[in-house]
Amino acid sequence: MVLIIILLLFYLFKVDHSLATRQKLAYPPGFFGVTFSKKFCTELGLDWREVYKAALDDLQVKEIRLPIYWDDIEPQEGEFDFSDYDFMIDEGARHGVKFVVNIGWRLPRWPECHAPIWTNKNSLDANREKVLKMLQAVIEHYRFRSNIIYWQVENEPFLDAFGVCPPSNEDFFRREVALVKSLDTRPVMVSSTGELSFWRREAAIGDVFGTTVYRVVWGKWFGYIHYPLPAWFYRLKADLVGLDKSRRYIIELQAEPWVPQGSVIYLPQAEADRSMSFEQFRNNLQYAIKINFNKTYLWGVEWWYWKHQNGDDRFWNLARTLFK
């Protein structure tokens with residue numbers, strides 16, 4: 001019996017994660033989209049407009065999750081500038097793109113919480129009130145854009161273990177969601193980590209639900225680890241909290257390397273391959289297809305473009321086949 005358990009664990013951790021490459025990627029039209037981060041383009045030394053246009057024109061992406069960063073739009077208290085995001089949403093409209101617009105204080109990309117510098121002088125309670133004013137400004141500015149299909153309020157709002165953020169507060173988060181609903185009729189998406197949460201609170205609060213899905217992660221105590229979770233694990237969790245198929249999304253599928261520290265552009269190729277080799281990239285796509293949620297938004301389009309610009313076309317070329 002002990003030998004059987006050892007062999008099973010070896011299979012789950014070391015073997016099963018590579019089997020998807022033997023299968024053909026087959027999925028319904030519109031199944032894949034991307035998250036696009038203006039900030040991450042800048043971190044990679046890229047022109048974000050160039051990357052965005054390449055995603056629209058070359059990849060022909062039609063589904064985008066777009067974080068609208070608080071420190072981008074309100075660099076001075078009470079003075080809003082939406083021009084960069086106007087460009088993205090307007091350009092997307094011309095290409096038939098549908099958007100999940102992610103708004104709030106905690107949004108994708110490190111350090112997770114993106115408050116303007118001027119908030120440093122305020123108390124936490126005061127800044128929460130500023131968040132509500134910012135949310136109102138964003139909704140009022142964009143509520144007539146018909147190509148926005150969902151508002152995603154915050155990102156993984158109860159994940160206190162990751163990011164440089166204040167402690168989560170369910171009462172305040174419910175105030176945020178209630179405010180958004182009072183200002184616009186579009187559904188609100190609430191997201192959660194796929195592996196470290198039971199999804200109960202998130203599913204109860206949101207109209208639709210988005211999970212992250214990561215296959216290879218790193219931690220300072222255990223190094224790299226492949227999550228030994230079958231695809232049905234996510235379907236089971238969704239069933240247990242009463243999420244029907246139409247309300248289930250993979251809002252962030254790992255499709256770039258996990259970076260233990262520093263920037264991905266300084267990560268040696270051998271290190272990057274430990275979490276995101278080309279085989280693993282294809283693997284993760286097949287895994288999302290097996291999970292079979294409504295849609296899957298890929299994490300890493302900016303990195304694919306950076307790789308493309310630096311002589312490795314494999315990720316970008318495969319992505320060219322995903323969105324058409």
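1. For the helix packing below, axes are lines fitted to C-alpha atoms, for helices over the stretch in contact, and angles run from 0 to 180 degrees between N-to-C directions. The model is a predicted one.

2. Helix H3 (residues 48–57) packs against helix H5 (residues 83–94) with an angle of about 15° between them and the axes 11 Å apart. Since angles under 35 degrees count as roughly parallel, H3 and H5 are therefore roughly parallel to each other. Their crossing is right-handed. On the H3 side the contact is made by Trp48, Arg49, Tyr52, Lys53 and Leu56; H5 contributes Asp84, Phe87, Met88, Ile89, Glu91 and Gly92. Sorted by class, the contact of H3 with H5 has six nonpolar, one polar and four charged residues.

3. The sheet is a closed barrel of eight strands with parallel pairing, in the order S1-S2-S3-S4-S5-S6-S9-S10. On average, and with direction ignored, neighbouring strands of this sheet are turned by 25° against each other.

4. Two of the strand pairs can be described in detail. Strand S3 (residues 98–103) and strand S4 (residues 148–153) run parallel and are joined by five bridges; here Ile103 stands opposite Val153 in S4. Strand S5 (residues 188–192) pairs with S6 in the parallel sense over four bridges, and Ser192 stands opposite Thr211 in S6.

5. How many residues of strand S6 (residues 208–213) are buried? Six of the six are, so S6 is largely enclosed by the rest of the structure. Both faces of the strand are covered: Val208, Gly210 and Thr212 are buried on one side, and Phe209, Thr211 and Val213 are buried on the other.

6. The buried residues are Val301, Glu302, Trp303, Trp304, Tyr305, Trp306 and Lys307; Glu302 and Lys307 are among them. After H12 comes Gly311, which has a positive phi, near 95°.

7. Some backbone details deserve a check. Most residues other than glycine have a negative phi, and most peptide bonds are trans. The peptide bond between Trp110 and Pro111 is cis, with omega about 10°. Pro111 lies in the loop between S3 and helix H6 (124–142).

8. Glu156 is not a glycine, yet its phi is positive, near 45°. The residue is found in the loop between S4 and helix H7 (170–183). Is Glu156 buried or exposed? Its relative accessibility is 8%, and buried means under 20%, so Glu156 counts as buried.

9. Asn292 likewise has a positive phi, about 65°, although it is not a glycine. Asn292 sits in the loop between helix H11 (278–291) and strand S10 (296–299). With a relative accessibility of 40%, Asn292 counts as partly exposed.

Terms used. Residues numbered from 1 in each chain as written. Predicted model: local features only at pLDDT ≥ 70, side-chain atom pairs only at ≥ 80, totals over all residues. Heavy atoms only, no water. Parallel < 35°, antiparallel > 145°, perpendicular 65-115°, else oblique. Left-handed = near helix turned anticlockwise from the far one by under 90°. Contact = heavy atoms within 4.5 Å. Nonpolar A, V, L, I, M, F, W, Y, C, P; charged D, E, K, R; others polar. Pairing = 2+ DSSP bridges. Buried < 20%, exposed > 50% of the residue type's maximum accessible area, 1.4 Å probe, protein only.
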